[in-house]
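Reader: I am new to reading protein models. Please take me through one, feature by feature.

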Amino acid sequence: MDIILSLLQQMCVYLVLAYMLSKTPVFLPLLKISPRLDIKLATYSLFSLFCILGTYFGLQVNDAIANTRAIGAVMGGLFGGPVVGFAVGLTGGIHRYSLGGFTDVACAVSTTAEGVIGGLFHLYFVLRGQKSLLFNTWIVFVITLIAEITQMLIILLIAEPYDKAFQLVSTIAAPMIIANSVGAALFMSILQDRKTIFDQYSAAFSRRALRIAERTVGILSEAFTTENADKVARIIYEETNVGAVAITDRDKILAFIGIGNDHHLPNSPISSPSTMQSLNENRIIYLDGKEKTYQCSISPDCKLGSVLIIPLRAGDRVIGTIKLYERKRKLFSSINIAMAEGIAELLSSQILYGEYQEKKILLSKAEIKLLQAQINPHFLFNALNTISAVIRKDPTKARNLVQHLSQFFRSNLKQNVETVTLKEELQHVNSYLMIEQARFSDRLTVSIDIPNELLDTTLPSFTLQPLVENAIKHGIATLLSNGEIKIYAKSTSMGNKIIVEDNAGNYNPAEKNSSGLGMQIVNQRLIHYFGDKSKLLVDIQPDTYTRMMFLLPNTLR
């Protein structure tokens, strides 16, 4: 009875140490059961210490030591695997061997074996995808029970003289098996509680972060403005429960929500040296109100006592900050600090995406302008010459041509948008062709055969016009008679091909000319909008036809 009471006292010391350590960051990496080397080394160091302490706290019995060393060895194996378990057991065993006694060799071997037993069970559960069972107190109890029985058998096999070993095992077996098995189970129970709290904490963090991400998505990608910043700041304030939230650009406060909103006014210049430091040095600044004091730079009566300032970036550029405040005598929680950094990354990504979208739109408009610049002067010159030639012979026809020319350029002005329907694109092309037919007279016939169900399909603006202009310039203009332009659709398994065909077959894509750039821009815009499958294709049969075609996919945007 004295032995078991002594061992239970040792176990209580173990549990107190385990409880105290569970409140520190030391145990958190161990709870992940990770193969990382640094975590393996931490597991080895920690449980080797427990192993050695178990020996030091032991009770002398018949020139031997009744102890709780097994808890450290088994737990080291359970958390670290066979190699770590062997290393922990060997370390504890060597330490026990150094203390002497007739069971020194047997205890060294048995302690090593206990670490390996814990490691083998670790390997078994990990390979079966049942890591969670390593934290089950009853399973830990059984594993330690097996390990302690193994230790007693090893002592009987190795320790000499056998009679003395048998007498020792008879005395200490039951107390050590019971105390160590119960102790290991309680040890794991403490860690399991810590793991549960950590998991709940992480889940709360994840839920809150996801809600913020869901509610703020896309706001700042539209524009980094006062209105949008106010929306984002309000969402973050509601979800984090901090004292106040502010968002700034490089010069002024864009939004401020929470305590102090009576003097931290939107659109007022930044007055905080710490904010300017964060902007200029591109780093996070945390003024906790104790080690690093915080004092509002606007009002001495401000109730805010600490601030976390995080830069907002668009690529490599710092374009503003997000600031989280807490009232005086209230510290930031670690969850809010970690979340604030994640929020800053999220908002920075939104701002960068917004800038990318804006540049893409500007580039698209520039491409349209470039196409117009290529088409308009050349076409206008030919159109005016045609109208000049027709006006004396047929004033009515000339008046109709002026109307078509007007409609063509009016359509050009409307096509500063990125996309149009196929119907609108065909109307634009038709105005162009009416004038070209007048210019070529009987040398040009036009046929358009596009199914009605395709007319509402959206495609990049100025897609057909350059193809038709190319067919006339490099096809019809080279013929003396019987020029023909066909615009038609052909159904395929992937969608509908839109084809612009002339009957000249004289186009040479290898020639460097003004139309080459126009074809490249059309091709790039088709690929960007529909994907690679819709790239512009050219099929040339010399002196027979030239077909320029692209695909309208079955699955459209």
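Reader: Is strand β14 largely enclosed by the rest of the structure or left open, and how many of its residues are buried?

Author: Some ground rules come before the reply. This is a predicted model, where local features need pLDDT of at least 70 and side-chain atom pairs count only at pLDDT 80 or more, while totals for chains, interfaces and linings use all residues. Residues are numbered from 1 along each chain as its sequence is written, and side-chain values use heavy atoms, leaving out hydrogens and water. Now the general idea: buried means under 20% relative accessible area, exposed over 50%, and partly exposed in between (1.4 Å probe, protein chains only). In β14 (residues 545-553), eight of the nine residues are buried, so the strand is largely enclosed by the rest of the structure.

Reader: Which strands pair with β14?

Author: Strands of a sheet pair through backbone hydrogen bonds, either parallel or antiparallel. Here, strands (E, at least two residues) and helices (H or I, at least four) are DSSP runs, numbered from the N terminus. Two strands pair if DSSP finds at least two bridges between them. Strand β12 (residues 495-502) pairs with β14 over eight bridges, in the antiparallel sense. There, lysine 497 stands opposite leucine 551. Strand β13 (residues 537-541) is antiparallel to β14 too, with five bridges. Valine 538 faces methionine 548 across that pairing.

Reader: Which residue takes a positive phi in the hairpin of β13 and β14?

Author: Aspartate 543 does, with phi near 65°. The hairpin has three residues between its strands.

Reader: In what order do the five strands of the open sheet stand?

Author: The order is β4-β3-β7-β6-β5, with antiparallel pairing. β4 (253-258) and β5 (285-287) are the edges; each has a single partner strand, so one side of each lacks a neighbour in the sheet. β5 joins β6 (residues 304-314) through three bridges. Isoleucine 285 stands opposite isoleucine 309 in β6.

Reader: Which helix lies across β3, β5, β6 and β7?

Author: Helix α10 (residues 273-281) does, running at about 145° to β7. Axes are lines fitted to C-alpha atoms, for helices over the stretch in contact (heavy atoms within 4.5 Å). Angles run from 0 to 180 degrees between N-to-C directions.

Reader: Is isoleucine 158 buried or partly exposed?

Author: Isoleucine 158 has 34% relative accessibility, so the residue counts as partly exposed. Its place is in helix α6.
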